[in-house]
Amino acid sequence: MSNQVEELTLHIPDGINYECTGCGTCCGGWSVPMTEEDYFRISDIDWAARKDKFVGKSLFRELKDYESKDTPYTHAIKEGEDGHCPFLVDKLCFIHSQFESSTKPSICQLFPYCFNETPSGIYATVSFVSVGAVNNSGKALSEQREYLEQKLKEFKTLYPEHQPNWSKLQMSTGIPLTWDEYLEHEAKLIELLRDESKTFDQRLLDGSTYLMGELKKKRESSSSSPQPVSLDSAPALKGLDKQLLVALHSIYFPVKTLGRGEQNFNFYRFLYQSIFLGFLPPRIKVLMKSYSFEELEKMEFPFGDEEIDNLIYRYLFQRIFGKLYFGAGFGQLSLIVGFHHLSIIYALLKLQSKALAKARGAEKVSYLDVVAAVRQLEKRLGETALDGMAAATYELLMFSHTRLSRILAHS
Ligand code: SF4
């Protein structure tokens, strides 16, 4: 395996920068997971003897079955009372300052670098949970090749089991796709995403129109491919569109800590919510408030704001470049549904940013609202796993080009 990996090309995205800004923000808001090796290495150290704040403190916990399922992790560092990792001292990692980087939990050693192995090589990206990555701070990744190669080696040592299965590629359910065909489609999707003369809603919808046209060619069907939809004339959201958005929002932007069965998309819960709770007006919840779709639609999402546009572009580009939206990159979704899901995620980002702005009493969405929404979404997408039933439900609910047009137009 290792020889094979060394031969694979490491692809680095253009236009993406990263350097740690030392703000300490990334070390908060989560319970840092640890492999068994991490746990024994770190818990063996007498932390109380090194700093008073650790005296009498229980710093670690075992992960529950549902938390550790399909992950290399067995334990976690307990979040401190202030919501930060207890090892964050004066905005610096105490483990790192007392020992060296290699003593820290594996996930912290690699953070925010991510690597995805595919048939055409390994694709590097940075997680937008990191404030430095979100703000595009520091040197371009393309100028850090040697460092990234070193990180990739560490990644392979820490996660030897990382072997994504790309053999089940599909354009849509039942329509297979080769990797070379995929790469052609990806180039087109990125070209469309780069068209600055259009809004992101239109760029994503154009991507969908392109893929649906390619699907028709593949099927050699005489049925007509969807006509490009105008966002201006897209009909209002239907009940099921709203239920879908509420269900996804509650998973990707939870207002409380999620328990067993709540972390991932659950078909039965969605069915229950759609049928039995369908008579309740669907609302987007944020902090202690909730908003109707109509209220949020009235608020404009800023397009043409250089900072926000740049952030959204980098976010969507990285997901596509890193192949983190379909196939082995996300729940084994087909290409079309993976791309539609990514587009719906953008719609959710708009809704969440507006709701955050409203909750703080503002009339306009700010860059910081979008940053908060992107970081939360990125974190949850990294934790979310789609089982077969959930993926099948996504295929059913997110294949429609016209549903996508309604969602993009009215979010
Ligand atoms: S262990 Fe160190 S690097 Fe990791 S979250 Fe805690 S303070 Fe941050």
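This is a predicted model: local features need pLDDT of at least 70, side-chain atom pairs count only at pLDDT 80 or more; totals for chains, interfaces and linings use all residues.
Me: Why is Leu351 called buried?
Reply: A residue is buried if 20 or more other C-beta atoms, placed from the backbone, lie within 10 Å of its own, exposed if 12 or fewer, and partly exposed in between. Leu351 has 25 C-beta neighbours inside 10 Å, and therefore it counts as buried. Leu351 is found in helix H14 (residues 335-359), where helices are DSSP runs of H or I with at least four residues, strands are E runs of at least two, and both are numbered from the N terminus.

Me: What is Leu351 in contact with, leaving aside its neighbours within four places in sequence?
Reply: Its partners are His249, Ile284, Leu296 and Ser411, contact here being C-beta atoms, placed from the backbone, within 7 Å. Leu351 and Phe293, which are 58 residues apart in sequence, have their C-alpha atoms 8.3 Å apart in space.

Me: What makes the backbone at Asn136, at Leu287 and between Phe111 and Pro112 worth a remark?
Reply: Most residues other than glycine have a negative phi, and most peptide bonds are trans. Asn136, although not a glycine, has a positive phi of about 55°, and Leu287, also not a glycine, has a positive phi of about 50°. The peptide bond joining Phe111 and Pro112 is cis, with omega about 0°, and Pro112 has its place in the loop between helix H5 (106-110) and S7.

Me: Why is helix H9 called roughly antiparallel to H14?
Reply: The axes of H9 (residues 200-219) and H14 come within 10 Å and cross at roughly 170°. Because angles over 145 degrees count as roughly antiparallel (under 35 as roughly parallel, 65 to 115 as roughly perpendicular, the rest as oblique), H9 is roughly antiparallel to H14. The residues making the contact include Phe200, Leu204 and Leu211 of H9 and Leu335, Phe339 and Tyr346 of H14. By class, this contact has 8 nonpolar, 4 polar and no charged residues, with Ala, Val, Leu, Ile, Met, Phe, Trp, Tyr, Cys and Pro counted as nonpolar, Asp, Glu, Lys and Arg as charged, and the others, Gly among them, as polar.

Me: How is the shell around the ligand divided by class?
Reply: The shell divides into 9 nonpolar, no polar and 1 charged, and its members include Cys27, Cys85, Phe87, Lys104 and Cys108. A residue is near a molecule or strand if its C-beta atom, placed from the backbone, lies within 6 Å of it.

Me: Which domains is the protein divided into, and where do their bounds come from?
Reply: The protein is divided into domain 1 (2-158) and domain 2 (170-409), with bounds from an automatic or database domain assignment. The contact takes 18 residues from domain 1 and 19 residues from domain 2.

Technical notes. Residues are numbered from 1 along each chain as its sequence is written. Two residues are in contact if their C-beta atoms, placed from the backbone, lie within 7 Å. Axes are lines fitted to C-alpha atoms, for helices over the stretch in contact, and angles run from 0 to 180 degrees between N-to-C directions.
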